[in-house]
Amino acid sequence: MSSVYPTRVPRQPLRVWRWPRQEHLLEQVFRRGPPPFDPFPSIQDIVDAVLCPVTVVHRTYHGLHGALSGPRGIARGEGDHFHRFVSILKSNIALGKRRLDEAFSLLRMYCSMEGLDADSESNLRRYLSYWLRRKRDSLDELWGQGPRIFHEVHVSTINATFREKRDVRYPVHGVIDEIDTINKRIVERTLKGNENDSNPPFLEDFQVWLQWKVLTSINRDLFPDILRNENFQDYDLIVETPYRDFTIEKNQSLFEEWAEDALAWISDIARSSVAISDAWQNKGHHTRSCSIGNEIEECYFARVACYHRRWRYPERRSTLHASLGPIYKALYNEQVWVHDLLLYQLTKMEQDADLNFKSELRRLLTGRNIYPLEIEENIEDNRYRVKIDETVRMSLVEEVQDENLSFDLLFGSFSVGLRRRAYLLLDEIETNPEDGRYVVYIEGMDGTERMNAFLLRGLLLKEDPWFLKRLVQQAVFSLEKWGVDREDRANNHVAVRLIDTLFGPGTLRARRKKNEFQQ
Amino acid sequence: MSFSNRERLEETLEHFERRLNSNQVDAISSIIDEPVQDDCFLLPIIDGPPGTGKTTVGAYASLRAIFEGKSQSVLYIAPTNFAASQAKQTFERLGVESCDVVWLNPRSSRRDWDRGVVGARYDLSDLGPNDIRRLRSVPIIICTPYMLGRVKKGGLRPSNTKVIIDEFSQIDPALFFMILSRTGASADRYLRGGYALLGDPLQLPVVTTQRELMQNVLEFILSHHTIDGGLNSLTLQYRMHIEICNAVNRMRRELSFWRDFRPLEPSNEARFRDLIGLGYEYTEQNINNGCCLTSEELKEILDPSYTFVVVNTDKLRGSTDEEQTQSGSRRNEAEAEAAVDIAIAAHQAYHRQHERLVPQIISPYNAQVCEIKYRLRRRPQALGISVEESVITAYKSQGKEFPFVIVSLVRKNPERRIGFLEDEKLRAQIYVACSRAQGKLILLMSQETFGGKPLYEELVNIEGSRHALLWGWD
């Protein structure tokens with residue numbers, strides 16, 4: 001490996017992935033301290049780790065994610081909006097609801113609903129123009145075909161393997177932008193790249209390849225009926241930019257090596273501080289180095305996290321930094337206990353080899369994290385009346401005693417399912433929890449009619465507690481990077497003075513002095 | 001930034017000021033004061049146990065700081081959205097117009113400017129320029145720490161803002177640094193108003209799997225620095241009858257993690273204020289047999305001369321062990337039935353003018369809350385009780401007070417396991433639940449299961465008490 005990698009020493013591949021033991025999965029042990037198992041990485045995590053091992057440090061301890069945002073110029077979030085809009089457009093055409101010539105008026109509506117500003121709308125309009133120029137014919141053919149293109153497909157496996165001779169199994173989960181059963185394609189859509197590019201945007205080819213690897217590692221029995229007979233081994237892998245479609249080769253030995261290298265970094269950095277300094281010494285991609293003034297252009301973290309100015313004040317920054325180390329780690333551990341363990345539980349519940357263990361896990365999670373339901377009626381405007389399965393009806397009533405619960409709605413199985421956001425509308429007249437009936441707001445239901453559906457609590461949405469820990473990590477990290485240089489400003493700045501007093505020798509008081517009261 | 005009813009509000013505050021005790025006055029002065037001083041840094045920390053009016057002190061100090069020109073505006077931070085809505089109510093009780101104290105929350109759909117409730121997405125894309133201007137001109141914004149990204153992004157507070165952090169027992173060090181980062185960490189505009197911490201360090205704790213995050217911010221500060229001159233301790237409480245106060249003090253002593261334990265003292269007006277003192281009349285004849293307790297038993301439990309009653313649920317007819325529900329929570333059917341019996345009997349026996357007493361039932365378990373609600377709805381005698389509001393979890397009871405409280409502890413099993421009710425910190429839920437009561441507190445617990453456990457043993461240690469009763473106790 002080393003000869004082709006000028007910038008970073010290859011990581012020794014893991015001999016075994018640290019899986020959670022049965023007693024952890026069955027919640028028979030108290031959750032405390034560092035989790036004795038590896039995290040459950042996402043496709044995005046692995047791609048970021050391939051980009052640079054330091055991204056794993058930022059992801060793990062500083063709550064930053066999505067390092068590969070593309071070069072400057074593309075606003076963060078625009079790619080997601082473009083993809084979501086294309087999904088809506090395609091679904092509407094496939095279901096015979098909207099004609100192609102309504103694309104721009106539909107975009108106007110989308111931007112208005114999403115509250116996008118004029119600049120973003122204008123950018124999306126420009127990307128859409130390029131994209132439509134190439135896609136007009138295929139979209140015409142799509143008219144009235146019914147739900148045969150699936151967007152936002154959630155996949156999760158415990159059986160991903162890389163390189164033929166190695167039998168180490170890894171867990172990976174993620175979301176595939178599009179599975180097109182008409183043209184037999186798996187599509188990764190991106191705004192990156194230019195009109196004249198002859199290669200796909202940086203690492204997008206690896207990403208779609210990895211999605212395909214995950215999808216094909218899942219047992220066919222776990223696919224929803226509508227996808228069960230598809231042979232994904234034969235599918236084309238496409239990276240789609242507004243300007244061009246790139247077909248990606250599936251037999252990629254280099255990608256296999258990269259994936260294992262990335263997973264070794266993810267495992268090591270989660271458990272060892274030595275690995276963190278290793279990561280800094282190996283910063284950069286396998287083929288592209290990274291340093292101040294010579295950053296990898298596509299890496300967002302290089303701009304916002306790796307290289308930043310050193311301020312003079314607060315003077316006690318080093319003590320602050322030392323105190324924050326264990327806090328970052330604790331916040332990360334909490335996420336693994338709350339979030340990653342649930343991913344293991346849900347995936348093992350469907351994919352473990354032991355039938356008894358699987359049914360035990362299902363019994364544990366049903367009514368606690370998953371709530372099977374039936375969609376009864378489309379009321380209007382993405383609002384549906386659903387009926388919760390009788391066996392878990394009261395459990396859901398118990399859960400909603402606490403406020404602000406958010407859910408994902410998954411169609412199919414957890415291993416391969418269509419993921420939609422769902423909000424329980426508890427104030428609606430037709431909502432009757434004791435009867436198991438709820439009015440639910442569901443985004444983008446098209447194409448899901450024949451699938452099993454279930455609510456999933458506390459996993460993917462950004463409002464969930466585990467995700468809030470990431471926000472805390474981000475905020476604390478930005479506090480560490482912040483400061484001022486001017487002494488007069490530092491002397492009057494409450495935050496600077498508080499940090500310097502708290503971690504320095506100054507006097508800290510919680511109340512006025514006695515004589516001041518008397519005055 | 002100004003209040004729409006400033007003159008009237010100042011009058012109300014003047015009237016209110018006369019009722020403040022010296023500890024409260026000290027605490028308010030500390031909050032208002034300049035944080036950066038010549039020889040020290042002033043970080044006001046108000047240790048306010050239940051009923052001592054800490055949130056009121058925080059609200060009053062906020063208003064004073066603005067009126068006296070010490071701060072241009074206030075950012076009031078509560079650990080949860082529920083606590084934020086409670087804090088908003090406190091401001092409104094002091095006379096602030098709803099539109100002058102805005103609760104900033106994460107749901108776009110929850111927006112009502114007149115009621116002072118504004119939902120906003122993380123990037124503020126759902127707010128127009130006029131909405132942003134309105135938010136910038138509101139004197140007081142209340143929100144959770146997670147909303148501070150929005151506050152910062154929209155520049156919703158000026159640099160001369162006082163940041164008040166309420167219920168700091170639920171603020172871990174990480175969250176505290178997040179608050180510092182989102183409110184103070186800006187190189188081009190420096191925060192001058194300062195911070196203040198309010199709370200009871202013994203109340204609801206940070207719930208986490210990590211030791212480093214179990215400390216609340218006060219514990220963290222104390223582990224790094226000594227606090228010169230001690231905290232602002234509020235020890236005079238205006239809520240609880242002395243018997244309930246004594247029970248709460250016994251729990252406080254058991255929960256206290258530092259040397260500086262100070263018992264709560266009831267104010268003169270609250271000292272012997274039982275249900276009768278609160279204006280309720282008691283009509284014993286209205287008590288009928290319940291499903292689980294006879295009228296005679298209920299009369300004994302509800303006797304107004306006992307303000308603190310512990311009912312041993314082992315002695316209930318048809319006593320049952322707890323069961324775990326599918327959601328992982330727990331319930332105890334017989335105990336739920338007894339709670340309903342007591343609630344209905346109290347509802348029938350106590351009335352004030354033409355209004356019947358509405359008892360409050362609190363349990364630390366969601367499943368028990370659901371079970372009690374279910375049973376209460378099936379009883380025609382409970383018609384006057386608003387079930388959804390009268391049966392709540394311990395978490396939801398925080399910041400509230402009720403004349404009559406029934407606490408159901410649920411746990412009863414031969415192994416004497418009481419789960420998180422034994423946890424060093426999480427058992428504070430019982431402390432919170434019990435300290436909501438003003439005139440009468442009834443605790444339902446199994447002697448066999450809880451007997452001998454440190455906190456609970458202290459709780460039932462009523463030797464010499466004239467107004468306490470251990471019902472069915474061996």
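Biologist: Hi! Which strand pairs with β19(B), and in what sense?
Modeller: Hello! In this predicted model, β19(B) pairs with strand β20 of chain B, residues 391–393, in the parallel sense over 3 bridges. Across that pairing, Ile362(B) stands opposite Ile392(B) in β20(B).

Biologist: And how many bridges link β19(B) to β21(B)?
Modeller: There are 3 bridges, and β19(B) and β21(B) run in the parallel sense. One bridge there joins Ile361(B) to its partner Ile406(B) in β21(B).

Biologist: What about the two faces of β19(B), covered or open?
Modeller: Both faces of β19(B), residues 360–363, are covered. Gln360(B) and Ile362(B) are buried on one side, and Ile361(B) and Ser363(B) are buried on the other.

Biologist: Why does Val410(B) count as buried?
Modeller: The cut-off is 20 or more other C-beta atoms within 10 Å. Val410(B) counts as buried because it has 28 C-beta neighbours inside 10 Å.

Biologist: Let me try another loop. What is the phi of Glu167(B)?
Modeller: Phi of Glu167(B) is near 50 degrees, a positive value in a residue other than glycine. Glu167(B) lies in the loop between β7 (161–165) and α7 of chain B.

Biologist: Is Glu167(B) buried or exposed?
Modeller: Glu167(B) counts as buried, because it has 26 C-beta neighbours inside 10 Å.

Biologist: Changing topic: how many residues of chain B are in contact with chain A?
Modeller: On chain B, 59 residues are in contact, and they meet 52 residues of chain A. Elements of chain B that give two or more residues to this side include α2 (22–32), α4 (81–93), α7 (173–184) and α14 (366–378).

Biologist: Which element gives the most?
Modeller: That would be α7(B), with 9 residues on the side of chain B that touches chain A. By class, the residues of that side divide into 28 nonpolar, 22 polar and 9 charged.

Biologist: Which strand of chain A pairs with β9(B)?
Modeller: Strand β12 of chain A, residues 508–509, pairs with β9(B) in the parallel sense over 2 bridges. There, Leu508(A) has Ile227(B) as its bridge partner.

Biologist: Now chain A itself. How many helices and strands are there in chain A?
Modeller: Chain A has 18 helices and 12 strands. Of its 519 residues, 47% count as buried.

Biologist: What is the radius of gyration of chain A?
Modeller: Chain A has 25 Å. A compact globule with 519 residues would have a value near 24 Å, so the two agree. Along the principal axes, the C-alpha atoms of chain A fill a box of roughly 80 × 60 × 50 Å.

Biologist: Next, helices. At what angle do α2(A) and α9(A) pack?
Modeller: Helix α2 (residues 43–51) and helix α9 (residues 253–271) of chain A pack at about 100 degrees, with their axes 8 Å apart. That angle makes α2(A) roughly perpendicular to α9(A).

Biologist: Which residues make the contact?
Modeller: Among them are Ile46(A) and Val50(A) of α2(A), plus Trp258(A) and Leu263(A) of α9(A). By class, the contact has 9 nonpolar, no polar and 1 charged residues.

Biologist: Last one: which peptide bond is cis?
Modeller: The bond from Tyr313(A) to Pro314(A) is cis, with omega near 5 degrees. Pro314(A) lies in the loop between α11 (300–306) and α12 (317–351) of chain A.

How values were computed. Residues numbered from 1 in each chain as written. Chains lettered and ligands numbered in written order. Predicted model: local features only at pLDDT ≥ 70, side-chain atom pairs only at ≥ 80, totals over all residues. Contact = placed C-beta atoms within 7 Å. Helix = DSSP H or I, 4+ residues; strand = E, 2+ residues; numbered from the N terminus. Nonpolar A, V, L, I, M, F, W, Y, C, P; charged D, E, K, R; others polar. Pairing = 2+ DSSP bridges. Buried ≥ 20, exposed ≤ 12 C-beta atoms within 10 Å, placed from the backbone. Axes fitted to C-alpha atoms, helices over the stretch in contact; angles between N-to-C directions. Parallel < 35°, antiparallel > 145°, perpendicular 65-115°, else oblique. Rg over C-alpha atoms; globule rule 2.2 N^0.38 Å.
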